[in-house]
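Here are my notes for a first look. Have the structure open beside you and go through the points in order.

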Amino acid sequence: MIYFDNAATSWPKPPEVIAAMTDFMERAGANPGRSGHRMSLEAGRIVFNAREKVAELFKIKDSSRVIFTVNGTYGINLGIKGLLRERDHVVVTSMEHNSVMRPLRHLEATKRIRLTVVQCNRDGQLDLKDMKKALEKKAALVIATHASNVTGGIMPVKEIGRLVREHDAVFMVDACQSAGSLPIDVEEMGIDLLAFTGHKGMLGPQGVGGLYIREGIELEPLVQGGTGSNSEQEVQPDFLPDKYESGTLNTVAIAGLGAGVEYLLKAGIGKVREKEKALIRKLIQGMKRIEGIEVYGPEDAENRIAICSFNLKGKDAGHVGYLLDREFDIMCRVGLQCAPAAHRTIGTYPQGTIRFSLGYFNHEEEIGAALDALGKIREMV
Amino acid sequence: MMKGEARCIVTFFTVHQALRAEKVLMEAGFTISMIPVPREISSDCGVALAFACEDEAKVKTVLDSNTVKIECIHHMERKGK
């Protein structure tokens, strides 16, 4: 069995992640930050430690600026809807996921925000000159994906960050696909808002994501409610992380996420990146030797994470995905991967692509087996 | 724990800061304990840290240098028990 769908959710998870979740349930399964008893405190410490680990991973100095949410999409929505006001101008790239495009299209209709989509080339790569041009019109917010979930292409986040700073806008990065796979430094990259999901490269379970909010950026919370603090008052507390974390957290998932990030920090992001880069390079090189395969996105593995979208000439992507699963025991994702804008950019809308997304736990032999399978499918009538 | 010497209690607005304080003070080698906020103190967050008042200046320095945000430090009377 070969799992090539790590961009949808990573699998398997390190045993440490499962152990941390079991440990929380068995030993400390109380509500963090709600009571003074020792189980509640222990649950609070688990959340606190996970927050500190996430902060360390992204080089965030103050971990109270890391907000846990139910998933990456909620983090993105909090950044967008918490910040934007009527008629604000927003600039995005044409490679964004629907978790960015849908809230923006919604605000376009309801708050009359103005949206500029900077067109990327057929490989999904951004020309900074085009971004600069879009910023000539004063923008409140610029959003860029760190790495495309369709092509795997890496955006020049640091360079965009510098441009955004020069133009005095807020810079939000969607790191759902890159967090845990690429080094991220919010200071060096000039990131004001960093949205992440816990269950992909960060190796945690599903059900937790988050948003880093730079000090000085004021967001309206999307939800108000109990926080365990300021309980005598009926107004939402103004301090972080409580301001944005109403209601009981998904502590068991956060326990797993903390262990996942700890695993990455111990392994070293540099080592994770090298391994994933070697795997994707081998896959792309092998695909190029198979006649009739079109691979999308930047050619050099240096410019992409371990994602590869492709099509087999004359074959329906959905059918290829079916054959890979049923005949060859290879699991991947076909179609539009929730990113129609990206597919329009690379010219694969509406038919979509077959997407192989690799992870830290894949190995070279699986690449060979997948290439053999594609060769055989190509021969099938 | 603190054998009858004067006890100080530091309170916080949020559990996050209480746990940060616990971490940095333990790393700095202080003897501290996390306790529920005593009834005579009104505080926003349910937990507080107790330590010996003779350490107060040093504790303040450690909290400040780590930018831990505290509510305030209370001096507790030791009632005979």
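How many residues does the contact take from chain B, and how many from chain A? The count is 11 residues from chain B and 14 residues from chain A, where two residues are in contact if their C-beta atoms, placed from the backbone, lie within 7 Å.

1. Some ground rules. This is a predicted model, in which local features need pLDDT of at least 70, side-chain atom pairs count only at pLDDT 80 or more, and totals for chains, interfaces and linings use all residues. Residues are numbered from 1 along each chain as its sequence is written, while chains are lettered from A and ligands numbered from 1 in the order in which they are written.

2. The chain B side of the contact. Helix 1 (15-27) and strand 2 (33-36) of chain B each supply at least two residues here; helices (H or I, at least four residues) and strands (E, at least two) are DSSP runs, numbered from the N terminus. Helix 1 of chain B gives the most, with three residues. By class, this side of chain B has seven nonpolar, three polar and one charged. Ala, Val, Leu, Ile, Met, Phe, Trp, Tyr, Cys and Pro count as nonpolar, Asp, Glu, Lys and Arg as charged, and the others, Gly among them, as polar.

3. Now look at where two helices meet. The axes of helix 2 (residues 38-57) of chain A and helix 1 of chain B come within 10 Å and cross at roughly 85°; axes are lines fitted to C-alpha atoms, for helices over the stretch in contact, and angles run from 0 to 180 degrees between N-to-C directions. The two helices are therefore roughly perpendicular, a label for 65 to 115 degrees. Helix 2 of chain A brings A:Gly44, A:Arg45 and A:Phe48 to this contact, and helix 1 of chain B brings B:Val15, B:His16 and B:Leu19.

4. Strand 1 of chain B deserves a look too. Four of its five residues (7-11) are buried, so the strand is largely enclosed by the rest of the structure; buried means that 20 or more other C-beta atoms lie within 10 Å of the residue's own, with C-beta atoms placed from the backbone.

5. What does strand 1 of chain B pair with? Five bridges join strand 1 to strand 4 (residues 72-76) of chain B, running antiparallel, and B:Val10 has B:Ile73 as its bridge partner there. Strand 1 also pairs with strand 3 (residues 47-52) of chain B in the antiparallel sense, over five bridges, with B:Thr11 partnered by B:Ala48. Strands pair if DSSP finds at least two bridges between them.

Methods:
A residue is buried if 20 or more other C-beta atoms lie within 10 Å of its own, exposed if 12 or fewer, and partly exposed in between; C-beta atoms are placed from the backbone. Angles under 35 degrees count as roughly parallel, over 145 as roughly antiparallel, 65 to 115 as roughly perpendicular and the rest as oblique.
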